Amino acid sequence: MYTLLISIALLLLGYVFYGRFVEKVFAPSATSLTPAFAVNDGVDYVPMPTWKVIMIQFLNIAGTGPIFGAILGAMYGPACFFWIVFGCIFGGAVHDYFTGMLSVRENGAGLPELIGKYLGVPAKRVIQVFVVLVLMLVCAVFVYSPAIIIGDMIAPDSTTDDIICVVVIMLYYIIATLISIDKVIGRIYPLFAAALLFMAVALFVCLVGRWPSELPEVWDGLANRNPGMGSMFPCMFISIACGAVSGFHATQSPMMARCIRNENKGRSVFYGSMILEGIIALIWASVSSWFFFAGGNVELGAEGVKAAPAVVTTVSKGWLGGFGAVLAILGVVVAPITSGDTALRSCRLIVAEAFGIEQKPIRKRLLVCVPIVVVTTSLLLFNILNAHGFDLIWRYFGWANQSLSVFAFWAATVFLVKYRKGMYYLITMIPALFMTAVCVSFILTAKIGFNMPDATIPYISAITVVASLVVFRLIYPRLRSKNN
């Protein structure tokens, strides 16, 4: 319990002090015209109140990410708290702030356009394809679980009902992504975000009231407590994404960059939302630690994806009573649907941006949206009919998600090298180097990748970092020469 309290305090201090430092480095302007006013198409570029933008940004980047990810990460032991705290302050919140604010500066540009400007056209082409694939994976991941849960409620062991639920959810996605962002997302999502926060606060109060002294603390040891989940490095850093660093957020921040009224609100919207998500991840990591290591009733095993929903359902119903059951449905069903919804919207915008398709006419929105939905739905139906499909797609999603953060970090690093004097670029380059090592070592050693021996991980990571530094050093003079 002391680890939880100290960790929450560190996150709040990180927002106040390091968040302010990051904001100072970027140097927002209170007088600059934001895309919400400069473009304002009444569909995707719409000025909204700051409090509402914060709540939508929080729900967009959260969903079940800080819940399921923290539960999976907690299986490794107390070391997960270090990653959530320091990953969030120095990694995830910085990542979200820069992708959001760079989008504001570039008139609401999406991630591929930002990558193209700072990393070059070839990188832009790669990331355009990669982002669309990742967002379709996000839709698949965040539709599959709620569809299965709802289907089981209607008729257990019936694949037909699961398929019907998938189709219904995808139809909702089409409607939601076609309507102006302030009509559905702007009105409903703040309520869902508030409920998700209330759920976390209620669990925190329960934890403090119970004060489970048997919870493992960080000073009890940071060794991997569940080797069956894989090597702690890099696997834990792939499992805990949304609570620490998540490349998916780089696709969501530009959505709110198109709605923010003032650049000076960027720290509260982008950096602050990530800190909130980190706090939720900490609470769920503590709850999960009790279940896995201190007498809970969820069996610890390698198939962590299966254990996560069981923890959410058991805790919500057992600790929070009847109202907790409603919150469980919100957390496990509604939250992932909202993340899938915004993922599809972001996917539509990125595809439209790539092909220069104006999105104000609804027929042109349909032209982009329908093919994406068809492909994603086909992927979902394959997973339902294939017993091992979801496990496979979940693992690829985890790696692809973190790989996006690598592109975003390096783009922000180039921005700082070009437009800021001194060595301020280190605030993004250090997490860029770390996440590059994580993603490369994971795909080379994971079973879904090249399945190299775990003993090679230190060497792969070292070579990756050195190679990245060499390339950076070679292009550094050229970047400085283009400094405006």
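Contact here means heavy atoms within 4.5 Å. The legends below describe close-up views of a predicted model.

**Figure 1**
F37 lies in helix α2. Leaving aside neighbours within four places in sequence, F37 is in contact with P47 and R261. Is F37 buried, partly exposed or exposed? With a relative accessible area of 39%, F37 is partly exposed, because this class covers values between the 20% limit for buried and the 50% limit for exposed.

**Figure 1. The salt bridge between E23 and R267.**
The closest N and O atoms of E23 and R267 are 3.4 Å apart in this salt bridge. The pair links distant parts of the chain, 244 residues apart: E23 belongs to helix α1 (residues 2-26), and R267 to helix α12 (residues 266-293). Both E23 and R267 are buried.

**Figure 2. The salt bridge between R345 and D44.**
Here the side chains of R345 and D44 meet in a salt bridge, with an N to O distance of 3.1 Å. R345 is part of helix α13 (residues 304-355), whereas D44 sits in the loop between α2 (35-38) and α3 (50-62); the pair links distant parts of the chain, 301 residues apart. R345 and D44 are both buried.

E263 and R105 form a salt bridge whose closest N and O atoms are 3.0 Å apart. E263 is in the loop between α11 (249-257) and α12, and R105 is in helix α5 (residues 79-105), so that this pair, too, links distant parts of the chain, 158 residues apart. How does the exposure of the two partners compare? E263 counts as buried because its relative accessibility is 3%, which is under the 20% limit. R105, with a relative accessible area of 34%, is partly exposed. Elsewhere, salt bridges that share partners join D44, R345 and R348 into one network. The count of salt bridges comes to six.

**Figure 3. Helix α16 and its cover.**
Helix α16 spans residues 426-445 and has 20 residues. From its first C-alpha to its last, helix α16 reaches 28 Å, close to the 28 Å expected at 1.5 Å a residue. How many residues of α16 are buried? Of its 20 residues, 15 are buried, and α16 is thus mostly covered.

**Figure 4. The cysteines C165 and C259.**
C165 is buried, with a relative accessible area of 8%. C259 is also buried, with a relative accessible area of 0%. The count of disulfides in the model comes to zero.

**Figure 5. The whole chain as context for the close-up views.**
The protein contains 17 helices and zero strands. Of its 484 residues, 60% count as buried. Among contacts between residues at least 6 apart in sequence, 83% join residues at least 24 apart. The protein exposes about 18300 Å², of which carbon and sulfur atoms supply 69%. The average pLDDT is 85, and 88% of the residues score at least 70. Over residues 298-306, however, the pLDDT is below 50; this stretch has 24 contacts in the model beyond near neighbours in sequence.

Terms used. Residues numbered from 1 in each chain as written. Predicted model: local features only at pLDDT ≥ 70, side-chain atom pairs only at ≥ 80, totals over all residues. Heavy atoms only, no water. pLDDT = per-residue confidence, 0-100. Salt bridge = Lys/Arg side-chain N within 4 Å of Asp/Glu carboxyl O. Helix = DSSP H or I, 4+ residues; strand = E, 2+ residues; numbered from the N terminus. Buried < 20%, exposed > 50% of the residue type's maximum accessible area, 1.4 Å probe, protein only. Areas by Shrake-Rupley, 256 points an atom, 1.4 Å probe, with all protein chains shown as cover. Disulfide = S-S within 2.5 Å. Expected span 1.5 Å × (residues − 1).
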